[in-house]
Structures are given as structure tokens and as C-alpha cells.
Amino acid sequence: MKRLVILGAGTAGTMIANSLSRRLPSGWEIEMVDPAWTHLYQPGLLFVPFGDTDPASLIKPIEGLLPESVTLTRAEVDRVDTGARQVWLDDGRAVQYDQLVIATGTRLRPDMTPGLTDAGWRETRHDFYTLAGATALRDALDRFAGGRLVVHISEMPIKCPVAPLEFAFLADDFFKKRQMRDLVDISYVTPLSGAFTKPIASEKLAGMLESRGIDVETDFMIESVEDDELVSYDERRVAFDLLVTVPVNMGAEFVGKSGLGDELDHVKVDPHTFLAVGHENVFAIGDAAALPISKAGSTAHFAVEVFVENFIEHIAGRPMAHSFDGHANCFVESGAGKALLIDFNYDTEPLPGTYPVPGFGPLQLLRETRLNHWAKLAFEKVYWHMLLPGRPLPVPNAMSMAGKARPVREETKV
């Protein structure tokens, strides 16, 4: 009997386990390793601080999301011995594998920023990428009587890179609804040179921040947090009364310990096949992989569809004929019951247009619409009932230029 071992029961790992449980030839078994008891719907965390989502509704038991044919081992991974094809667990056990998939995601490391977790952590300094952090921030926002709210990104890459922007837009809407927007100054502080990584989307999003009276501080490389101030390496200071930060994101510790990772412990892979660099039986997918694209659930979804087809070919001794193009799309909540949608890949930045049907949509790209907002909310049911079970969705995994148009810009005359 041959064994596929999947490390991580998050979005990518669960999709792979479900899909391959139906596709693997006889003579193969699947074992999944994860210390958690529950699976978290991470996109829902954005709404928790504003009281729009019950935190308990975002979690489900892992067992109910996997087929009975998958063995679930609850343990932390200590290291991977690629030479011996073994995964060593923190309790001293070793799990043998024939093929290994690393899908352990990325984790928050607030301890990497000096001073961030000192006095004030989860009081006046918060994250919202964890259930505990989002819940504590909900209570802090409920108490907030006014002052300077700073939304901050420590370092790139981060999972769901549009989420801090969404938080800033929703905070603006939140305080307007409470009729206290004039009592709150909102600042968006980023290490990027603009509001987003790609120029057309960055220009659009920057205009939205400006129209809402949200100040933007770009190229801010944080060195430390001192009292109630962010301090950059170029000695700029940004004061806050309430800080909402996205700490440094890093992969699992065992990745670096096993010699598989980059400087942030994300696994170095071929960006088209997810095969770990220098290995023939180790793959990494989802947020765990060092890919030049957003760490997002949609990326994992499109990537898994390519991976499954390639994996079946790989274990049969055939070349992997399918290539992932970096396709990702993300809804961007903008407040007042509206949202944008962006669709892009390794080579093409987000452009205006329609999705998924060219010329029809019904979703609009780089435009705020109510339908985009409702589609984002509806995605939660798609996630639990279609995405995680590995059922096909009626959208192609490769990005299409059909229905998209690059904006016409006036040439600068000299």
C-alpha cells in the first residue's frame, strides 16, 4: 500500500484530500496530519469586528469535512526527513510517505515586530486574522469613542492582501452608521508604494480611500512599536489610539527546520506544478507555497484543480501536463453594502470587465456593486458545500481575458 500524506487540514489540504479520495488508483491511502479539531472559514473573520458575524458560525469539526477513507492524525509536525521519506511528529512518532503535500498555510508572527505584543496587545493593538483577534477587536471597536484608527500591514506577503483595505472601508462605514465618523481619523499604513500591488487596481483603490477621507502612508517599513506609535526604519512615526495590524506572515516552523523553505518558511516550489524545488515526491500548495501571487482561498481553489490532474499523472509516471497560471480573484468589501471584484494571474493585473461570463457577468470587475457584495456573502455556502468537498465549480481554473479591457489612458505630452 502506498501512502499520500497531507500536512494541514485547511482549505487546500481539505480540497486535495476530498478530490484525491475519489481519484487515486487502488493501492493508495491518504493520511492527513493537523493538530486542530475545527476548520475555520477565514473570509468570515473580516465581519466579526463589526458585529456582522457570529464567530461560532465560522467553525466546523474537521472530521465532518473529510471522507471516512482519509486517516486523520492530530499532531504537530516537528520536521520532515525527505531522504527517509518520513514526517516526524512532536510526540516522537514518524509517519512514512510515498508522496507528501504540505498545505500548512501561513501563520501570524506579531512577535517579529519589536514592541508589538508588549502592553496594549489585544487592548489598543489588534489583529483580525485570527478568531481570538477578531473577537477582541469587536469589543474594542464597540468601546471606541473616537481618535486615530490606524490600519497597518507589517510586511508582504500576507494572506488575503485586500483584507486590510476591506477593513479600512468597513471601518469608515461602521463609524458613519454610528454617526461618529467625524470623531475618527482613519489611516492606512502600508509597506507598498501604493494601495495595492498592481497599478490599475492600486489607482482605483487609492481613489476610494481618498474619497472616504482615509489617509494613506506608503513605503512604511516598520521597525518597532513604541508606546502608541509605529516607528519605521526611516524614522517616520505614526501615532494611534487604536491599531489594527496585520503582523508578519510566516510559514510553519518545520518547513524551515526541514530545509524546504525560503526566509519566511514558505516552501519553494515550481509555480506551475507546485513540486518542491529539488524534490520529486514533495509538493506544497495554498498559502504554504512561495508563489508570486496572492495568498488567498481562490488561489488555492484554482491551484488544487490543476494539482489534482497533475498528481494523478505524476504517480502514474507520466509528465505533469497541466500548468497553473496563477489565477486568483478576490471580492473587496467597500462598505454600504457594496464590493468590488478583482481577477488576475501571474502575468495579468486586475482589469475592468465582467465575470465569469464575458460581456454579461453578472459580476463586475473593479466596480463597486451590490451584487458583488451579495456574491461574497453567498460564497460561504459555496465554500462549505462545494469548494471543500472538491466538487467542480462553474468557473474555469485558468484566467481568461475575455470580457476584460485595459483602461485607455491619455499619453503625457512633452
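Helices (H or I, at least four residues) and strands (E, at least two) are DSSP runs, numbered from the N terminus. In those terms, D227 sits in the loop between β15 (222-226) and β16 (229-232). This is a predicted model, in which local features need pLDDT of at least 70 and side-chain atom pairs count only at pLDDT 80 or more, while totals for chains, interfaces and linings use all residues. Residues are numbered from 1 along each chain as its sequence is written, and side-chain values use heavy atoms, with hydrogens and water left out.

Is D227 buried or exposed? With a relative accessible area of 65%, D227 is exposed; the word means over 50%, buried means under 20%, and partly exposed lies in between (1.4 Å probe, protein chains only). Not counting residues up to four places away in sequence, D227 touches R125 and F240, where contact means heavy atoms within 4.5 Å. From D227 to A239 the C-alpha to C-alpha distance is 9.0 Å, with the two 12 residues apart in sequence.

Let us turn to the other aspartate. D173 belongs to helix α3 (residues 163-177) and is buried, at a relative accessible area of 14%. Its contacts, residues up to four places away in sequence again not counted, are G335 and A336. The side chain of D173 reaches the backbone nitrogen of A336 at 3.2 Å.

Technical notes. Polar contact = N/O pair within 3.5 Å; in protein donor to acceptor, adjacent residues only side chain to side chain.
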